Structures are given as structure tokens and as C-alpha cells.
Amino acid sequence: MLIRKNVEGKIASSEITPRESFLNRRNFLTGAMALGVGALALKQVPGLLHPEAVHADQKLDTVPSKYSATDTQTPFAKATTYNNFYEFGTDKSDPAKNAHTLHTRPWTVQVSGLVKKPQTIDIDTILHYRPLESRVYRHRCVEAWSMVIPWDGYPLSEFISAMEPLPSAKYVQFLSDSDKKDMPDKPFGFDWPYSEGLRMDEAMNPLCLLTFGCYGEVLPNQNGAPIRVVSPWKYGFKNAKSIVKVIFTDKQPKTLWNNMMSDTYGFYSNVNPNVSNTPWSQAHERRIDSSPFPKTIPTQIFNGYGDQVASLYSGMDLKKYY
């Protein structure tokens, strides 16, 4: 049974990052146009000026974490209106417009495969397993843009340990919601449900976060509510959203993008400036912040988290196992 533990020293989630000045789309547009750059900003990163996102606006209690980047954070309004969530549309602005159809309660997660006790667990039991940490992570997308987002969750390793996987379990697979009631207009041509997976030692790394919120609030639907994974040293598509199934297996699981385009989307998909199998060069990234101009910066190997994760791939050819 998962039991909630109380921890003293909670910080007010509203203190995580100031965002009020970014929630007013008209003010943002006015400021950009005053600089004479509004049209150019839209051209560079389409969708950034979409109206503010639909979100639950429910505050979360969090505790500080040592796993936080010091980079300038991406404003809430941009992080919640410029998203990849293909179940709600393939344009970056589609999830914020369409994800209101996602019903996050009731919600259960089915755990199966190579575990001692396969079970189905209510989301609120998982959510209250232990206090949530606030972690500021760099988030790198394969399309060569990046954000810095404060995520709220706890280590995926703690959930995995509670599930008691068998020693034969070498991988963990995540399946996302695909219910037509929640996602009535999924685009054709994709092998739904969305599937992603991690090698077990990757999933057990302390950086890998089982995530329930961002910016001190419960996850907005378009950001993967009510439960998702964040592995910040990998490209964003590796981070399964709206998870309904967790499967432990001894074989590398099939994943949606790797299955569709294996030459472009590798199973590991660690951020690597030296591997450019996609149409976009990975040597640089556009950092989305409060400026109307996304800043171009060099991409770091493992997204800058090499000290914590490089040992996982010791001896591996990172160009072959991309």
C-alpha cells in the first residue's frame, strides 16, 4: 500500500516563479509590437502568442530539490501554449486549444508485466505517495527548441521500487491514454496509444521524475495531465504523458516514434549535438524565454546533465545507439 508521508518545510508553490506578467496575451503582444518585432517573433516560433492555456489552477505543496537548474525559466504562458501532444493535434498551439476534452478524474494507472503484484492504482494514491519536489529542468525538443520548466513530482525510482519489479525486468514501458472520449480527434497515421519506454537503470536514475505538476500547479492537460514522466537528458518525445499503463518487461519495448521512423527517432534519444538524424540540426537550440526572440545557444551533450547520467552509457557508441 502506498502511504502519504508528511514533510516539514514546505514552500509556497506560488513562490516557485513569477508569471503573472506573462499571462496577459494582449500586454505581451503590445510589448512585442512596440519593439517592431511581433511579426518576426511569430515567424520564428509559431504559436507562442496563442491565448493563455487551459489549466486546473490548483496549487500544489512542494519541497525544494537539489536537482534544479539555475537557468532563466520559460514563462508559464509559453510553456503551456507551445506544446507537442499529437493526440490533440500536430500544431504546437493545438494542445492548448483542444486538450480541454481530457478528463483527469477518475484516473487509474495499471501496472503489469514482470512485477510481484500486478495492480491498478488510483492517481491520487500515486500522487500522495510522498511529498512533491519542485525541480527546474532544462527541456530539449528534437525540433531544436528548448524551455526551462519547474516540474513538480518525485523520483520515478520510488514508484518503481514500490511496485516491486522482478529481477528479470530490464525495461519499463509507458502507455498513454487513447480513449476516444478524452481524445476524440486524434490524427490518423499514428499507432495509438502513444508508447514510450526506458531502460530500467535510466528509469531508476534520480533525475527521472514522475511528474504531477508544473509551476506549482497541477499539470495542465496540454502538458500531460494528470501524470507524466520527465527525463531531462533526453529529447522531449521520450517523456510519456497522460500515462494509463506501466509495463515491466525483459525486452526493449516498441515505442511510437522509433517504430514509425527509426532512422530519425532512436530508442535512447539522449540529447546529443553530434547526432543529427532528424531534419533539424541538433548542434544548437532556440531557448524560449520571456524575449520575443528565441535565443540560439549551443546544445550540450545529455542536455547538460552529463555528470548525473553519462555513466549509464559507458562504452556505448552514442551515434549508433542514438
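Author: A residue counts as buried when its relative accessible area is under 20%. In this predicted model, Trp145 has a relative accessible area of 4%, so Trp145 is buried by that cut-off. Tyr82 is likewise buried, with a relative accessible area of 4%.

These two residues also belong together as a pair, and a pair of aromatic rings is described by the distance of the centres and the angle of the planes. For Tyr82 and Trp145 the centres are 4.8 Å apart and the planes stand at 65°, an edge-to-face arrangement. Because Tyr82 lies in the loop between α3 (76-79) and α4 (94-98), while Trp145 belongs to strand β5 (residues 145-155), the pair ties together parts that are 63 residues apart in sequence.

Another pair involves Tyr86 and Phe190, whose ring centres are 5.5 Å apart with their planes at 90°, so that this pair is edge-to-face. Tyr86 lies in the loop between α3 and α4, and Phe190 in the loop between β6 (171-176) and β7 (195-199), which means that the pair ties together parts that are 104 residues apart in sequence. Tyr86 and Phe190 are also members of a cluster linked by ring pairs, together with Trp192, Phe237, Trp257 and Tyr265. In the whole structure there are 17 aromatic pairs.

Rings can also meet charges here: the charged end of Lys241 sits over the ring of Phe85, 5.5 Å from its centre, and Arg138 lies over the face of Tyr305, at 4.5 Å from the ring centre.

A search of the whole structure finds 4 cavities of 30 Å³ or more, and the largest cavity has a volume of about 170 Å³. Of the 20 residues that line the largest cavity, Tyr235, Ser269, Asn270, Val275 and Tyr322 are the closest to its centre. The lining of the largest cavity has 11 nonpolar and 9 polar residues, with no charged residues.

How values were computed: Residues numbered from 1 in each chain as written. Predicted model: local features only at pLDDT ≥ 70, side-chain atom pairs only at ≥ 80, totals over all residues. Heavy atoms only, no water. Phe/Tyr/Trp six-rings, centres within 6.5 Å; stacked < 30°, edge-to-face > 60°. Helix = DSSP H or I, 4+ residues; strand = E, 2+ residues; numbered from the N terminus. Buried < 20%, exposed > 50% of the residue type's maximum accessible area, 1.4 Å probe, protein only. Lys NZ or Arg CZ within 6 Å of the ring centre and 35° of its normal. 1 Å grid on protein atoms, 1.4 Å probe; cavity = no way out; pocket = protein on both sides within 12 Å on 5 of 7 lines; lining within 4 Å. Points joined across faces, edges and corners; volume = space filled by probe spheres on them. Nonpolar A, V, L, I, M, F, W, Y, C, P; charged D, E, K, R; others polar.
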